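Work through the exercises below with the model open. Try each task before reading its solution.

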Amino acid sequence: MGEIRAEVVIIGGGVIGLTIARSLAKRGVRDVCLLERGGLGCEASSAAGGMLLPQVEADAHDDFFALACRSRDLYPSLAVELREETGIDIELDTTGTLYLALSEHDYEEIEQRYHWQTRAGLAVELLTSAAARQLEPCISESTFGVLLFPNDIQVENRRLIAALANSVNVLGVKTVTETTVAGLVIEGRRITGVKTSRGDISCQTVVIAAGTWSSFLLQSAPNITPVRGQMVCLESKPQLTRHVIFSPRGYLVPRQDGRLLAGSTSENAGFAKRVTAGGIASILRQALEISPAVANLPIADTWAGLRPRAVDGLPVLGPCGEIDGLFYATGHYRNGILLAPLTAELISEAIVTGKTSQLLAPFSPDRFSSQPVVSV
């Protein structure tokens with residue numbers, strides 16, 4: 001590649017890096033270079049379930065919940081824009097999500113969730129088991145009760161990646177795949193470039209969006225660790241369910257082409273991105289608890305992905321206070337697909353205008369203890 005120049009270099013070509021690149025280009029930044037160690041979107045972004053479920057998993061109306069809901073609500077317009085730009089339908093499915101209580105303890109949990117979200121004016125319904133089974137007859141007869149979240153939806157994440165990759169290409173973003181980043185060039189506490197396996201790139205702004213590999217780029221980077229998630233893909237024609245069906249232990253996600261995704265595990269297994277017998281057994285047990293009819297479906301595929309998790313489980317977003325020109329957009333853990341649209345909007349805004357939204361304040365990389373800045 002030789003030495004080149006760019007206005008902004010984005011390290012990481014998953015859903016976060018791609019949406020940021022697209023947003024920067026649409027804001028008029030002409031020289032955006034996106035670097036990816038493998039293929040675009042081939043890591044956690046492709047392994048995900050594509051669920052956009054801030055309400056399903058929230059226990060309180062905190063800063064993260066507000067961020068997640070706002071990002072989810074950007075998806076309808078994003079889906080339209082990407083289809084206009086690329087012709088690709090990202091299969092945004094707005095049928096909604098059912099959250100099953102499959103024990104008395106589960107029911108106490110969903111009652112609490114129903115009450116606080118109702119008080120907060122959020123869209124949620126508490127259904128009896130019979131009412132839920134009228135919507136989805138496949139649901140276990142052992143169900144105690146169900147929450148219906150009409151605004152918690154899903155997207156086909158692999159089609160999303162394809163659409164984003166096409167979009168950034170149309171918008172003139174330079175994408176460089178199969179390229180590792182050896183380090184950042186820092187002079188006087190300011191970013192001046194990036195060292196890669198194909199040569200150096202001179203730049204004034206770098207966005208670290210490298211998921212579980214983010215911590216390797218700089219000694220002072222926040223600690224991001226991999227959490228393995230395994231998945232099972234079943235064949236279901238006709239489709240077993242129209243809704244995403246969630247429980248405290250697992251979930252089923254229907255796709256338009258007849259696939260039914262079942263997940264997932266959360267394992268501290270380092271960078272061992274492999275499928276295990278125990279992981280698959282656990283997922284199938286959870287799926288059968290949700291719907292015994294799963295037992296009759298053939299298994300089409302299995303895979304594993306590595307989710308990037310920060311120490312406190314929250315994303316790491318915004319400018320680095322120690323190094324001018326360095327921005328973080330990583331640590332999204334189980335919510336990379338969900339948080340991508342708003343992450344892109346807020347990070348690109350901060351880069352272009354120099355003003356950082358207050359929405360990013362709770363997720364600043366500066367919340368972690370400082371370490372000496374070491375240039376590479």
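This is a predicted model: local features need pLDDT of at least 70, side-chain atom pairs count only at pLDDT 80 or more; totals for chains, interfaces and linings use all residues.

Residues are numbered from 1 along each chain as its sequence is written, and side-chain values use heavy atoms, without hydrogens and water.

**Exercise 1.** Find which residues of α6 are buried, and state where they sit around the axis.

*Solution.* Helices (H or I, at least four residues) and strands (E, at least two) are DSSP runs, numbered from the N terminus. Take residues 104-119, helix α6. Apply the cut-offs: buried is under 20% relative accessible area, exposed over 50% (1.4 Å probe, protein chains only). D106, I110, R113, W116 and Q117 are buried. They cover an arc of only 135 degrees (directions from the helix axis to the C-beta atoms), so they lie on the same side of α6. Now turn to the face away from that side: E104, Q112 and R119 are exposed there.

**Exercise 2.** Determine the strand order of the open sheet and name its edges.

*Solution.* Strands pair if DSSP finds at least two bridges between them. The 8 strands run β6-β7-β5-β15-β16-β17-β14-β18, with mixed pairing. The edges are β6 and β18, each pairing on one side only. Within it, P254 is bridged to L260.

**Exercise 3.** Identify the strands that α6 touches.

Methods. The expected span of a helix is 1.5 Å times one less than its number of residues. Contact means heavy atoms within 4.5 Å. Axes are lines fitted to C-alpha atoms, for helices over the stretch in contact, and angles run from 0 to 180 degrees between N-to-C directions.
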